[in-house]
Amino acid sequence: MLMIDFIKQLLCELKNEPALFIATITAFAVIIQAYMAWLQNLQSVRPYIYADFEKSINQGHKTLHAVLKNAGLGPAIIMDYYIVYKKKKYRDIGIFELFKSTFPNWHARISLPYDALEAGRTNEIISLPMEEKTQDALQKLIAENFELVVKYRSFMSMPWLSTTYSSKVHYKKLKLDKK
C-alpha cells in the first residue's frame, strides 16, 4: 500500500504544480523513447548464423565444404560451439580426433571462442574430398549424423543475451519444407 499512497500523493502535488506535471510526463516520454531507440539499434545489427554446404573444384579435385554463414545484418561473436555425434559433445581438439577417425582426407578450421563472423561472410568448418556422385550422400550423412551447435551473440548485446543455433533443427526444417 505504501507505493499506492506515494503515487496518490505525487499526483496531488503534480495537480497543484502544472510545470512539474509537464516536466514529469516529458521525462517519462524521453525515457521510453530512448529505450525504443536502443531496441531499434540492437535489431539493426542482429546476426543470423546457420550451417550450409558448398562445393568447390580446384585443379580437378572436388571438395565438399561444411560452412557457417552469417546472413544477418551485423557481426556475430561466437561464444561457444561444439559438434554432437552419437549424443557426445566434441569441442576443439576433440573435433579433430572425431573427424580423423571418420573421414581420412579432411581439413578443418576451429573457431575459437569470441571469434567474430562478419555479416554476409562464411567460415569453413570442415572440407572433405568427394566425387560428384557421392556429394548428395555425403551431405546427407553429415547432416543426419553430426549436429553443429553454435552459441553466438551480437556485438551490441550483453553476453547473457546470446542465441543458440543447432544444425539438426535447421536440417529437419529443410526436410519439412521440401515435402
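## Burial and surface

Of the 179 residues in the chain, 34% are buried (buried means under 20% relative accessible area, exposed over 50%, and partly exposed in between, with a 1.4 Å probe and protein chains only). The chain exposes about 12,500 Å², and carbon and sulfur atoms supply 61% of this area (accessible areas come from the Shrake-Rupley method with a 1.4 Å probe; for residues, only the protein chains shown count as cover).

This is a predicted model, in which local features need pLDDT of at least 70 and side-chain atom pairs count only at pLDDT 80 or more, while totals for chains, interfaces and linings use all residues. Residues are numbered from 1 along each chain as its sequence is written, and side-chain values use heavy atoms, with hydrogens and water left out.

## Secondary structure and contacts

The chain has 5 helices and 9 strands, arranged along the sequence as α-α-β-β-β-β-α-β-β-β-α-β-β-α. Helices (H or I, at least four residues) and strands (E, at least two) are DSSP runs numbered from the N terminus.

Contacts are defined by heavy atoms within 4.5 Å. Among contacts between residues at least 6 apart in sequence, 60% join residues at least 24 apart.

## Nonpolar core

The largest nonpolar core has 29 residues (a nonpolar core is a set of buried Ala, Val, Leu, Ile, Met, Phe, Trp, Tyr and Cys residues joined through side-chain atoms within 4.5 Å). The members that touch the most other members are L68, F99, F103, I126, I142, F146 and L148. Two or more residues each come from β1, β2, β3, α3, β7 (122–129), α4 (135–145) and β8. Strand β3 gives the most to this core, with 5 residues. In soluble globular proteins, nonpolar side chains tend to be buried together.

L148 is one of the core residues with the most member contacts. Leaving out residues up to four places away in sequence, L148 touches A51, L68, Y81, Y82, I83, I125, Y165, S166 and S167.

## Aromatic pairs

The whole structure contains 3 aromatic pairs. Rings of Phe, Tyr and Trp (its six-membered ring) pair if their centres lie within 6.5 Å; planes under 30 degrees apart count as stacked, over 60 as edge-to-face and the rest as tilted. One of the pairs is Y85 with F146, which is stacked, at 4.6 Å centre to centre and 15° between the planes. This pair links distant parts of the chain, with Y85 in strand β3 (residues 76–85) and F146 in strand β8, 61 residues apart. Y85 is buried at 19% relative accessibility, and F146 is buried at 6%.

## Salt bridges

There are 3 salt bridges in the structure (a side-chain nitrogen of Lys or Arg within 4 Å of a carboxyl oxygen of Asp or Glu). Side chains of opposite charge can pair when their charged atoms come close. D52, E54 and K69 are linked in a network of salt bridges. Between D52 and K69 the closest N and O atoms are 3.4 Å apart; D52 is in strand β1 (residues 49–58) and K69 in strand β2 (residues 61–70), 17 residues apart. For K69 and E54 the closest N and O atoms are 3.3 Å apart. K69 lies in β2 and E54 in β1, so this pair ties together parts that are 15 residues apart in sequence. K69 is buried, at 17% relative accessible area, whereas D52 is partly exposed at 30% and E54 is partly exposed at 30%.

D80 and R91 also form a salt bridge, at 2.7 Å from N to O. D80 is in strand β3 and R91 in the loop between β4 (88–90) and α3 (93–102), 11 residues apart. D80 is partly exposed with a relative accessible area of 25%, and R91 is partly exposed at 36%.

## Strand β8 at K151

K151 belongs to strand β8 (residues 146–154) and is partly exposed, at 37% relative accessible area. Its C-alpha atom is separated by 6.1 Å from that of I78, 73 residues apart along the chain. Apart from neighbours within four places in sequence, K151 contacts I77, I78, M79, D80, S162, T163 and T164.

## Nonpolar surface patch

M3, F6, I7, L10 and L11 make a nonpolar surface patch of about 500 Å². Patches are made of residues with over 30% relative accessible area and no salt bridge; like charges are joined within 9 Å and nonpolar side chains (Val, Leu, Ile, Met, Phe, Trp, Tyr) within 5 Å. L10 is located in helix α1 (residues 2–16) and counts as partly exposed, at 37% relative accessibility.
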